[in-house]
Amino acid sequence: MVTELGTPSIKQAWTAALQSPKKRDKLLIGSFIVAIILSSLPIFFSFIQKRKGIVLNDWVLAHLPAYDVSVPIFTIIWGMALLIFIRALYNPVIYINYVWTLIFINIARMISIYLVALDPPNGLIHLVDPLTGVFYGNVVITRDLFFSGHTSTLVLIFLCLEKRNDKILGFIAIVAVMVLLLVQHIHYTIDVVAAPVLVYMIFVLTRRFLKLDTLKNHEN
């Protein structure tokens with residue numbers, strides 16, 4: 001079944017993807033690896049939260065009053081997550097791009113957070129996000145700072161989206177959340193500024209690693 005605009009149906013898109021050895025392997029292996037990483041995050045973050053770090057002298061935060069903007073942050077992030085989920089339903093390549101880049105982003109964040117021991121910014125207001133809390137072991141984690149996971153998530157979604165209007169919405173979401181994270185003093189400025197650069201680099205390297213130029217939508 002094909003939609004009115006010629007876009008393959010969800011069943012048709014995923015049937016074709018699973019029938020392609022290259023796509024099927026990347027779908028299944030990527031999903032398995034990311035599941036292992038996500039299940040290990042509570043242990044890692046529990047370790048990070050127990051150690052001491054340094055407090056940075058952040059000029060931006062020093063001049064920015066702290067406010068609780070948990071709801072807007074939560075709404076934007078999970079709204080964009082829903083959008084990428086819907087797009088991936090009709091295009092498995094988007095899922096492949098997303099899941100494999102997510103694997104390397106999580107690895108990079110775990111390494112950078114381990115190497116850069118930071119205490120939370122002064123005036124931090126805890127982010128209330130019951131969904132994300134699952135990956136933190138349902139405890140408050142404040143030392144997962146460099147580089148920002150929230151910003152990274154939105155940048156990754158932006159990079160994986162294909163439609164122009166989706167890209168515009170994704171860009172607005174990135175800027176909005178970067179500002180809101182600083183308003184709530186959840187991250188240092190360097191945490192949110194570095195995230196887009198690092199995620200873009202990881203995204204480009206991941207695509208080269210996977211050679212996703214061979215994973216065109218018309219591939220059988």
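Rings of Phe, Tyr and Trp (its six-membered ring) pair if their centres lie within 6.5 Å; planes under 30 degrees apart count as stacked, over 60 as edge-to-face and the rest as tilted. I checked Trp-100 and Phe-209: their ring centres are 6.4 Å apart and their planes are at 50°, so I noted the pair as tilted. Trp-100 lies in helix α5 and Phe-209 in helix α8 (residues 189-210), so this pair ties together parts that are 109 residues apart in sequence. Helices here (H or I, at least four residues) and strands (E, at least two) are DSSP runs, numbered from the N terminus.

Next I asked: is Trp-100 buried or exposed? Trp-100 counts as buried at 8% relative accessibility, while Phe-209 counts as exposed at 55%. My cut-offs were under 20% relative accessible area for buried, over 50% for exposed, and partly exposed in between (1.4 Å probe, protein chains only). Then I turned to Phe-146 and Phe-147, whose ring centres are 6.2 Å apart with planes at 85°, so that pair is edge-to-face. Both Phe-146 and Phe-147 are buried.

I also noted that ring pairs link Trp-100, Phe-104 and Phe-209 into a cluster.

**Where the model comes from**

This is a predicted model: local features need pLDDT of at least 70, side-chain atom pairs count only at pLDDT 80 or more, and totals for chains, interfaces and linings use all residues. Residues are numbered from 1 along each chain as its sequence is written, and side-chain values use heavy atoms, with hydrogens and water left out.

**A charge over a ring**

I found Lys-167 over the face of Phe-158, at 4.6 Å from the ring centre. The test asks for NZ of Lys or CZ of Arg within 6 Å of the ring centre and within 35 degrees of the ring normal.

**The record**

I looked up "transmembrane region" in the unreviewed UniProt entry, which lists several spans, including residues 27-49 and 168-186. UniProt positions are in the numbering used here, feature names are shortened, and annotations may be inferred rather than shown by experiment. Residues 27-49 came out 100% helix and 0% strand, with end C-alpha atoms 33 Å apart. For residues 168-186 I noted 84% helix, 0% strand and 25 Å between the end C-alpha atoms.
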